[in-house]
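Walk through this structure from the whole chain down to single side chains. Keep the model open beside the text and find each residue as it comes up.

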Amino acid sequence: MAELDIGKHCKIDSCNLKDFLPFVCDSCSGVFCLEHRSREAHSCTEVSVKRESRTAGGSTSYPCSFKDCKGKELLPVICPQCEKHFCLVHRHQDDHKCEKLEVQKPRMAATKELVQKIVESKDGSKSKGRRGAKNSATAAKVALMKLKLHAAGDKGLPQTERTYFQVYLPKESKDSSKPMFFCSKWSVGKVVDYAASLASLKNNNNVLTAKKLRLCHPQTGDALRMDDTLISLLEHSETPLYNGGNVILEYLDNECTCLEDVSEYITQT
């Protein structure tokens with residue numbers, strides 16, 4: 001039986017290895033062994049011919065690989081992703097519709113937007129507080145001039161020490177609110193006592209078992225500490241009061257430190 005001649009020899013002269021499963025280069029059509037199958041390994045002569053062309057003047061030019069583009073460049077402009085030559089017009093991935101374009105970008109942008117929304121929702125109370133503080137300060141400046149015309153208080157106080165509030169009164173009071181002014185050096189306890197006398201409110205703060213008349217913050221509803229001074233609440237508090245702004249007077253149980261719904265008071269007017 002005749003011996004079968006299977007396989008072919010590598011085209012590289014220094015190798016000439018007979019490979020039973022030889023590789024054929026798709027550029028130069030040469031036959032190579034496993035070791036020399038890549039274009040770089042066998043120094044394929046057709047690669048440079050395909051990538052470079054000679055102009056009429058004899059200088060090297062690099063044609064654009066983008067479909068139907070006839071642009072050429074004197075220097076190579078290679079896409080770092082697909083490693084093809086392009087003209088300056090088509091050098092970016094988006095411009096030549098790069099086969100390795102990162103299509104994940106829109107998805108990443110959407111993901112980033114979603115994460116941002118989640119972060120904002122988690123931090124919503126803080127951002128809302130900042131916006132509320134800004135709005136409250138602006139509203140107080142607008143209201144201050146009107147309060148100065150109608151507010152009740154100690155006329156002997158110097159103008160520089162006066163702090164004006166629209167004081168919202170307890171639910172059981174016949175009036176919803178009254179404009180008043182107080183000395184900025186007074187404690188909250190003295191403000192409560194003086195406001196109660198101006199509004200003719202029952203004040204049993206010296207009775208242990210009775211409900212206490214408390215001054216509350218108009219945004220948070222927190223009962224202000226009786227020993228804090230107005231000036232400290234105006235200038236140094238994380239949630240400050242504003243000269244010309246609102247405060248709430250209400251009777252609270254001894255263990256209660258906050259109003260349940262401040263909107264019930266502020267929306268009465």
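Of the 269 residues in the chain, 32% are buried. The model is a predicted one. Its chain holds 6 helices and 11 strands. Take the contacts with a separation of 6 or more: residues 24 or more positions apart account for 41% of them.

Start with the strands. S10 covers residues 212–216, and 5 of its 5 residues are buried. Side chains in a regular strand alternate between the two faces of the sheet. In S10, Lys212, Arg214 and Cys216 point one way. Leu213 and Leu215 point the other way. All of these residues are buried, the lysine and the arginine included.

Next comes S11, residues 245–252. This strand is mostly covered too, with 7 of its 8 residues buried. How do S10 and S11 pair, parallel or antiparallel? They pair in the antiparallel sense, over 5 bridges. Lysine 212 stands opposite leucine 252 of S11. Leucine 213 has tyrosine 251 as its bridge partner in S11.

S11 also pairs with S8, and here the sense is parallel, over 4 bridges. On this side, phenylalanine 165 has glycine 245 of S11 as its bridge partner.

Now look at the aromatic rings. The structure holds 5 aromatic pairs. Such a pair is described by the distance of the ring centres and the angle of the planes. Tyrosine 164 and phenylalanine 181 have ring centres 5.3 Å apart and planes at 40°, so this pair is tilted. Tyrosine 164 lies in strand S8 and phenylalanine 181 in strand S9, 17 residues apart, and the pair links distant parts of the chain. Tyrosine 164 is buried because its relative accessibility is 2%. Phenylalanine 181 is buried as well, at 1%.

Phenylalanine 165 and phenylalanine 182 form another tilted pair, 6.2 Å centre to centre with 40° between the planes. This pair also links S8 to S9, across 17 residues of sequence. Ring pairs join Phe165 and Phe182 with Trp186 and Tyr194 into a cluster. Elsewhere, a charge meets a ring: the charged end of arginine 37 sits over the ring of phenylalanine 23, 5.7 Å from its centre.

Move on to helix H4, residues 188–198. Its buried residues are Val188, Gly189, Val191, Val192, Ala195 and Ala196. Where do the buried residues fall, seen down the axis of H4? They fall within an arc of 160°, so they line one face of the helix. What covers these residues includes S9, S10, helix H5 (230–235) and S11. After H4 comes serine 200, which has a positive phi, near 55°.

Is leucine 169 buried or exposed? It is buried, because its relative accessible area is 1%. Residues up to four places away in sequence aside, leucine 169 touches Asp175, Ser176, Ser177, Lys178, Met180, Ala199, Leu201, Leu249 and Tyr265. Ala196, one of the buried residues of H4, is 27 residues from leucine 169 in sequence and 9.1 Å away in space, C-alpha to C-alpha.

Finish with the cysteines. A disulfide is a covalent bond between the sulfur atoms of two cysteines. How many disulfides does a search of the whole structure find? The search finds 0. Cysteine 25 is in no disulfide, and the nearest cysteine sulfur, that of cysteine 28, is 3.7 Å away. The cut-off for a disulfide is 2.5 Å between the sulfur atoms. Cysteine 25 counts as buried because its relative accessibility is 5%. For cysteine 256, the closest cysteine sulfur belongs to cysteine 258, and the distance of 7.0 Å is too far for a bond. Cysteine 256 is partly exposed, with a relative accessible area of 25%.

Definitions and conventions. Residues numbered from 1 in each chain as written. Predicted model: local features only at pLDDT ≥ 70, side-chain atom pairs only at ≥ 80, totals over all residues. Heavy atoms only, no water. Buried < 20%, exposed > 50% of the residue type's maximum accessible area, 1.4 Å probe, protein only. Contact = heavy atoms within 4.5 Å. Phe/Tyr/Trp six-rings, centres within 6.5 Å; stacked < 30°, edge-to-face > 60°. Helix = DSSP H or I, 4+ residues; strand = E, 2+ residues; numbered from the N terminus. Lys NZ or Arg CZ within 6 Å of the ring centre and 35° of its normal. Arc of directions from axis to C-beta. Pairing = 2+ DSSP bridges.
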